[in-house]
Amino acid sequence: MKIAAILIGLVSACFAHPVEFHNDPFRQLEEVWPTPTESRIASGAPGPKYWQQRADYDLKVTLTEKKNLLTGSGRIVYHNKSPHTLKYIWMQLDRNKFTPGSLGHQSSEAPRLGKMQYDSFEALLLKETFDGGFKIDKLTDDGGAELKHRIVDTMMRVDLPQPLKPGEKFTYRIDWHYTITDSRTSWGRSNMEQFEKGGKIFEIAQWYPRVCAYTDVRGWQNKAFLGRGEFALEFGDYRVQITAPDNHIVASTGELKNGDKVLKPVWQERLKKAETAKAPMFIVTPEEAAKNEESKSKGTKTWVFEAKNVRDFAWASSKKFIWDAVQHKLTTSQKPVWAMSYYPNEAEPLWSTYSTHSIIHTLNFYSKYTFDYPYPVAISVNGPVYGMEYPMICFNGPRPEKDGTYSEGTKNGLISVVIHEVGHNWFPMIVNSDERQWSWMDEGLNSFIQMLAEQEWRHNYPSRPTPRNIIGYMTSSYQRPIMTNSESILQFGPNAYSKPATGLSILRETILGREIFDDAFKEFSTRWMFKSPEPADFFRTMEDAAGVDLDWFWRSWFYTTNHVDIGVTGFTRHFLDLKDPDKKMEEKKAKKEESDKKNIVAERNREIPKYVDENEGLKDFYDKKKEEKVSDSDREKYKKMLADLKPREKKLLKTNKHLTVANFENKGGAIMPILVELHFKNGKKETHQIPAEIWKKNHETVSKLFVTRHPVVKILVDPTEQTADANKANNVWPPQIKEEPFTLERKNESFNNEMKRAREKKAAEDKKKAEAKKKQEAEKKAAGEKAKAEKEKKAKNKDEAKKEAEPAK
C-alpha cells in the first residue's frame, strides 16, 4: 500500500508540476498541439475532410448624418458545410460593447485619474450613459415568421425552426439600427469625426449583425467582444446598398456597381483614364472636395457594392473626400488591381503623395512573398480611426499639421500604417485566423511582412520590430507568453505585434536563412488562403516545408517569457605537446623561474646569509642534489617514438592549427544559436554560428571547440545583435574595460536661494521695462522727427508753389 501511495504521489506531482520534471526546452510540442485529424493533418495542411461554414449577405443601410444614426436591414443565407447538425446560429453584435452594461465596460479597470483633458473626462462620463448598441427591430425567417432569439452581451443566438443538417442552408432576415460613436469621446474601430469648420467623416465597421465562426476546433466562437480580441468570421458573397446624403462620396469593400448613377460624368471619365495611368491621379480633386464640403445635402443617393468571397464588409462616407486612384498591375502576375485613397483636404499634401503609392508597394510585396492579391481593389481612407483593416478597405489616421507641414515621423507613420493595414488583407482577411482567440496570428505575422516591405520601400527604413528593440519587453516582469488568449495579454503591442514579428525575423535571418524561411512561409500562406488556420497549423507547416525541427524555438519564443542572454565565460587555448624531453625540461625550468620571481618574499630573502651555508655538515643528499637534466635514455626513447610513427602521423605533428575551447552559459533561458566572432592575434576575425541544438543535453552551460589557423585572443557573442541578447556585458571575453565620460562644471550658487532668484527676476523685469521704455522713447523721437520732416516738406512745397504762381500773376 505504501509503494502504491508513493507511486500515486509521484504521478500526481508530475502532472501538478510538469516543468520541474520535464524542464527540457527541446521537449517536443506534439503533446501540447492538437492531435492531427482528417480536417487538419500532421503536416500542418488542411486535410481531405477539411470544412468551413459560409454566410452570404444582402444588406441595405441608410446613414442619417444629422443624427449619426445607422439603420439597416439584411437577408442572410447560412450554409452548413460542417458534418454536424445545428440547432441555432450565433451572431456577433459588437456594437453592444458601447453600452453602459456591457461586459467590456463593466470588466474594465479604473483609468488613471489626475491630469485629464476635457474630452477624456467627457468620454469617461459618457461611457456610463451612452447607448451605441444594436437595436434589433425585426428577426424572421425568409418567409416572415418570427425567429426566437436571445442576446448575451455582444452575442445573439438565433434559434432555428428546425435543425440544420449537413449540406443544408437557412435563410433569414434581420432589421436593426444604432447610434454611431463620436471619435472625440469614444475610441473604436468604427467612428465619426466632426470637423470644426463643418462636415463629418464616417468610417463604418462592425455595423451589421455578423455570423460567428463555427469550426472543427472550437465549435461556435461566441466569446464576448471585450474590445481587445478582434474577430472570427466566415467567408461569403456580399451585395450592399448604402444610402447616404447626396453630397457624400462613399468608399467601400467590393466593386461599385452603379457608378453611372452616383458619380459625376467628369469623375467617371477620370476613372477611365486611371485605368491606364502610370501614377495615381485625382478622381475628385482637392478643389472639388473643398467646394463639395460647402454644399448642403438636398436628398440621398444609394451606392451599390458587391464583394465576392470576403469575410467582412466595411465602408466610409463623407462630403469632404478627395479621391485619387490608379489601376495597378501586380508585378508578380500583371493582374490589374485598383489602388485608391480617400481623404479630406486636412490630410494634404501628405496623403496624395504617399497613401496610394504605399498601397501599390504593399500589393506588389505581399503578393511576392505570399500569394497574388485576389481582390479587384485596395483602398486607404483617412478619418477618425488611426489604423484598422477590412477586406479591400482600411482606415488610417496620420495627418500633417494645419499649415501642411509634417515631421518625418508622421510621414513614416502614414507609410507604415498603410502597409500594415493593407497587408491585413492577407492576414487575417484571406488567411482567416481566429483573432478573438489569437491576436498574434494576424498582427504578428502581418507586422513581420510589414517590416520586410518597409525595408524595400527605402534603405534603412526605421522599422520598429527588431531584435534590439524587443529586449526591454522580453526582460520585463510584466508579460505573458505569446500563446495567450487575446483578452489576457499584458503589454498588447509588444506581445501580439513586436515579439512574434521579431521572432520570425530571427528565424528567417539567423536560424533557417532567407531562402528556406521564405519558401516555408509562402507554403503556409498558400495552404491556408481562404481557410482558417490555428497556431499548430502554422508551426507544423513551417517545420514540414523547411525540413527543420523548430519545436525548441516555438517553445522558447511563443510558449514562455524567457529572454535571450547567452554569455561567454572564458576560453582555453590548447597546444600540441610533442613530448620532446629537452623542450619539456626548458619549459619546466622557465616555469620554475617564473614562479620564483612571483614569490616576492623568497626573492627579497635571496641575499640574506643562510644558516646551513655557515655551518658545514648540515647539507645532506637533498641539499647537494644537482640540477635536474634530461637523460640520454629519455632522448633515445623520444627518437624511437618518432621513428615508429607512420607518415600521416608525422604529418599531424607538424600541424599549425590552434585549438581553442570556449565556454558559454545561457542565463536568460531562451534557446538560441550561439553566434560567435573570433578575434585573432594577427588582427583578423572569423565568424561561427553554433546551432541551437548544442543546448540539447545541457541548456545552462556548454563548451565548444574552435580549430583555427591563428591564436584566438578575444571572443564576441552575437556581435551583430541578431538574437535579441539582453546583456552585452557578458558577450565578450576577456571582459571589456568600461569607458564612461565625465564632465566638469562651474560651481553654481545655491538653487534654494529664493531671495537671489527673486532679485534676479526683478532685475530681469526692470531691464525689460527699461528696454521697452527706451524703445518707446526712440519710436516717439523717430515719429517726431518724421512729423517735423513732413511739416518742413509741406512748407517747402507751399513756398515753391507760391513762387511758381507769382510770374503767372
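Analyst: Strand 3 (residues 86-92) and strand 10 are paired in the antiparallel sense over 2 bridges in this predicted model. Within that pairing, Gln 92 has Arg 210 of strand 10 as its bridge partner. The two strands belong to an open sheet of 4 strands, ordered 5-6-3-10, with antiparallel pairing. Strand 5 (149-152) and strand 10 (210-211) stand at the edges of this sheet; each has a single partner strand, so one side of each is left without a neighbour in the sheet.

The cysteines can be considered next. Cys 212 has a relative accessibility of 0% and therefore counts as buried, the limit being under 20%. Cys 394 is likewise buried, with a relative accessible area of 0%. With a disulfide taken as a pair of cysteine sulfur atoms within 2.5 Å, the count for the structure comes to 0.

The structure holds 4 cavities of 30 Å³ or more, and the largest cavity has a volume of about 110 Å³. This largest cavity is lined by 17 residues, of which Ala 213, Thr 215, Asn 432, Asp 434 and Ser 532 are the closest to its centre.

Another set of paired strands involves strand 18 (residues 315-318). Trp 315 and Ser 317 point one way from this strand, whereas Ala 316 and Ser 318 point the other way, and all are buried. Strand 9 (residues 200-204) runs antiparallel to strand 18 and is joined to it by 4 bridges; here Ile 201 has Ser 318 as its bridge partner. Strand 14 (residues 249-252) also runs antiparallel to strand 18, again with 4 bridges, and in this pairing Val 250 stands opposite Ser 317.

The buried residues of helix 13 are Phe 517, Asp 518, Ala 520, Phe 521, Phe 524, Ser 525 and Arg 527. As background to such a pattern, an α-helix has 3.6 residues a turn, so residues three or four places apart point the same way. The buried residues of helix 13 pack against helix 8 (350-369), helix 10 (440-455), helix 12 (492-512) and helix 14 (535-546).

Asp 518 lies in helix 13, and its relative accessibility of 19% is why it counts as buried, given that the limit is under 20%. Setting aside residues up to four places away in sequence, Asp 518 touches Tyr 369 and Arg 508. Gln 450 lies in helix 10, and Gln 450 is buried because its relative accessible area is 10%, which is under 20%. Apart from its neighbours within four places in sequence, Gln 450 is in contact with Tyr 366, Ser 416, Ile 419 and His 420.

Technical notes. Residues numbered from 1 in each chain as written. Predicted model: local features only at pLDDT ≥ 70, side-chain atom pairs only at ≥ 80, totals over all residues. Heavy atoms only, no water. Buried < 20%, exposed > 50% of the residue type's maximum accessible area, 1.4 Å probe, protein only. Contact = heavy atoms within 4.5 Å. Pairing = 2+ DSSP bridges. 1 Å grid on protein atoms, 1.4 Å probe; cavity = no way out; pocket = protein on both sides within 12 Å on 5 of 7 lines; lining within 4 Å. Points joined across faces, edges and corners; volume = space filled by probe spheres on them.
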